[in-house]
Amino acid sequence: MTKPVTVPAIAAAKVRNGDAPLVMLTAYDAPGARMVDEAGADLILVGDSLAMVVLGYDDTLQVTVDDMAHHTAAVARAKPRALIVGDLPWMSYHVSVEETVRNAAQLVRAGAACVKLEGGAERIPMIEALISAQIPVMGHLGLTPQSVNAFGGFRVQAKSTEAALRLVAEAKALQHAGVFAIVIEGVPDEVAALVTESLDIPTIGIGAGASCDGQVLVFHDVLGIEDRFVPKFVRRYADVKSVAVAALKAYADDVRSGAFPDHSESYHLDEETSTELALYGRSTD
Ligand code: KIV
């Protein structure tokens, strides 16, 4: 068996140094984690996208630390080789340093090797406290979905020179605070390239072009399970929803026609008991 992926190994991965781009995928349960791990991903993100793709909410603001811990534990039970990243949900790292550390510890106890949180310089006290509690931290900049209301929607960020330079400065500040990697979401590819060049730690892009040190996509988007809204940056590698609906419909048809279950799909008595029971049934007619 290959060795588990570690935080230091991820922190050292830079494409400009000849490393292969990092592969991160989300997963929210044990079967999903097994699939992602067998596919050879380096990191499994138990993302707060859980809220939208699994729990049916319209944004990520609805999930709690308990929800995230519940799903992190399910992913951890798959014992993946990939590094498990627990996503800190909205309001779990905003109120105080103490609450942040306690909430992150809940995800670590559930099986995460590290946590991810959204935001720039304003998060540095929390990041430093987590790192001093031996909890490695992944940053997340750009179109941070927990800021959907502040942004006025899911809008591409850092489109002006000023905003792009601000993003570079935020990324450098996070690196200085000790994060081991940064997710860059929903920014022009030129800006993501500039951020990636400016850092010694890896960037992992989503909707941020090809220059990052890795890519992340949501499990349900890659597999075509979520089909209500497909963002521009998603490439669908399967149409699992259509396959699943066709299979479920075939099952429904078989139940209604009496074709399911058949003899081989049922349990049977031995011949003697079966005859005895048939005789008993007749005698009670
Ligand atoms: O929650 C999530 O899935 C994420 C990714 C989009 C990076 O944060």
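Select F260 to begin: in this predicted model, its relative accessible area of 35% makes F260 partly exposed. With both side chains displayed, the rings of Y251 and F260 can be seen to form an aromatic pair with 5.7 Å from centre to centre and 70 degrees between the planes, an edge-to-face arrangement. The structure holds one aromatic pair, so a pair of this kind is described by the distance of the centres and the angle of the planes.

Next, select helix 5, residues 97-110, together with helix 6, residues 124-132, and look along the place where the two pack, with their axes 9 Å apart and at an angle of about 50 degrees. Helix 5 and helix 6 are therefore oblique to each other, and the crossing in which helix 5 passes helix 6 is right-handed. To see the contact itself, show V97, T100, V101 and A104 on helix 5, and P125, M126, A129 and L130 on helix 6. Sorted by class, this contact of helix 5 with helix 6 has seven nonpolar residues and one polar residue, with no charged residues.

For the last stop, move to helix 9, residues 189-198, and colour V191, A192, A193, V195 and T196, which are buried. What do the buried residues of helix 9 pack against? Displaying the surrounding elements shows the partners, namely helix 8 (161-177), strand 6 (181-185) and strand 7 (203-206).

Definitions and conventions. Residues numbered from 1 in each chain as written. Predicted model: local features only at pLDDT ≥ 70, side-chain atom pairs only at ≥ 80, totals over all residues. Heavy atoms only, no water. Axes fitted to C-alpha atoms, helices over the stretch in contact; angles between N-to-C directions. Helix = DSSP H or I, 4+ residues; strand = E, 2+ residues; numbered from the N terminus. Parallel < 35°, antiparallel > 145°, perpendicular 65-115°, else oblique. Left-handed = near helix turned anticlockwise from the far one by under 90°. Contact = heavy atoms within 4.5 Å. Nonpolar A, V, L, I, M, F, W, Y, C, P; charged D, E, K, R; others polar. Phe/Tyr/Trp six-rings, centres within 6.5 Å; stacked < 30°, edge-to-face > 60°. Buried < 20%, exposed > 50% of the residue type's maximum accessible area, 1.4 Å probe, protein only.
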